Amino acid sequence: DRLAVLTATFQADTGVPARFTSSGRPRELASAVRLALYRVAQEALTNVRKHARPSRVEVSLTYLDDELTLTIEDFSAHPADPPVTPPGGGYGLTGMRERAELLGGILDAGPTDTGFLVKLRVPTEDDA
């Protein structure tokens, strides 16, 4: 629920259409996993706000049997446009990767043909 609110707040603050979706069988997650999901989404959306000119943003959470995947992707109406501010110099992506690693997960981030994608994958347990 907090990810949906975070996404809606991003949309309200920026005017950029933003959608949150969830798929799979939701289950209780360890507090460290919940916090990492929220902080990664928060940082990724902050990066979109600072560095992109998106026409829309999609945030999705997917529950798999033994893994949870969070993706934040921005789509630009003009993908060839340079970023609003050049990436680099900050610790956003580094911090997101460190959060992922602490949970035994992986964070991938990089440009796509239509924008930028951040993807967090963390292992889960049903009894967390």
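**Strand pairing**

I began with Leu70 and looked up its bridge partner in β5, which turned out to be Leu120. I note here that I am reading a predicted model, and I keep that in mind for every entry below.

I then asked which other strand is joined to β5 by bridges. I found strand β4 (residues 106-111), which runs antiparallel to β5 and is joined to it by six bridges. In this pairing I saw that Pro111 stands opposite Phe116 of β5, and that the link from β4 to β5 is a hairpin of three residues. As a reminder to myself, side chains in a regular strand alternate between the two faces of the sheet.

**Salt bridges**

How many salt bridges does the structure hold? I counted three, and I went through them in turn.

The entry for Arg19 and Glu58 gives a salt bridge between their side chains, with 3.4 Å from N to O. Because Arg19 lies in strand β1 (residues 18-23) and Glu58 in strand β2 (residues 54-63), this pair ties together parts that are 39 residues apart in sequence. I also checked how open the two residues are: Arg19 is partly exposed at a relative accessible area of 48%, and Glu58 is likewise partly exposed, at 24%.

Next I looked at Arg56, which forms a salt bridge with Glu58, the closest N and O atoms being 3.1 Å apart. Arg56 is partly exposed, with a relative accessible area of 35%. Through shared partners, the salt bridges join Arg19, Arg56 and Glu58 into one network.

Finally I turned to Arg34, whose salt bridge with Glu28 has its closest N and O atoms 3.0 Å apart. Is Glu28 buried or exposed? I found Glu28 exposed, at 51% relative accessibility, where the cut-off for exposed is over 50%, whereas Arg34 is partly exposed, with 41%.

**Rings and charges**

I came back to Arg56 when I looked at the rings, for its charged end sits over the ring of Phe75, 3.8 Å from the ring's centre. A second case is Arg2, which lies over the face of Tyr38 at 4.1 Å from the ring centre. I also searched for aromatic pairs, and the structure holds zero of them.

Notes
Residues are numbered from 1 along each chain as its sequence is written. This is a predicted model: local features need pLDDT of at least 70, side-chain atom pairs count only at pLDDT 80 or more; totals for chains, interfaces and linings use all residues. Side-chain values use heavy atoms; hydrogens and water are left out. Rings of Phe, Tyr and Trp (its six-membered ring) pair if their centres lie within 6.5 Å; planes under 30 degrees apart count as stacked, over 60 as edge-to-face and the rest as tilted. A charge sits over a ring if NZ of Lys or CZ of Arg is within 6 Å of the ring centre and within 35 degrees of the ring normal. Two strands pair if DSSP finds at least two bridges between them. Helices (H or I, at least four residues) and strands (E, at least two) are DSSP runs, numbered from the N terminus. A salt bridge is a side-chain nitrogen of Lys or Arg within 4 Å of a carboxyl oxygen of Asp or Glu. Buried means under 20% relative accessible area, exposed over 50%, partly exposed in between (1.4 Å probe, protein chains only).
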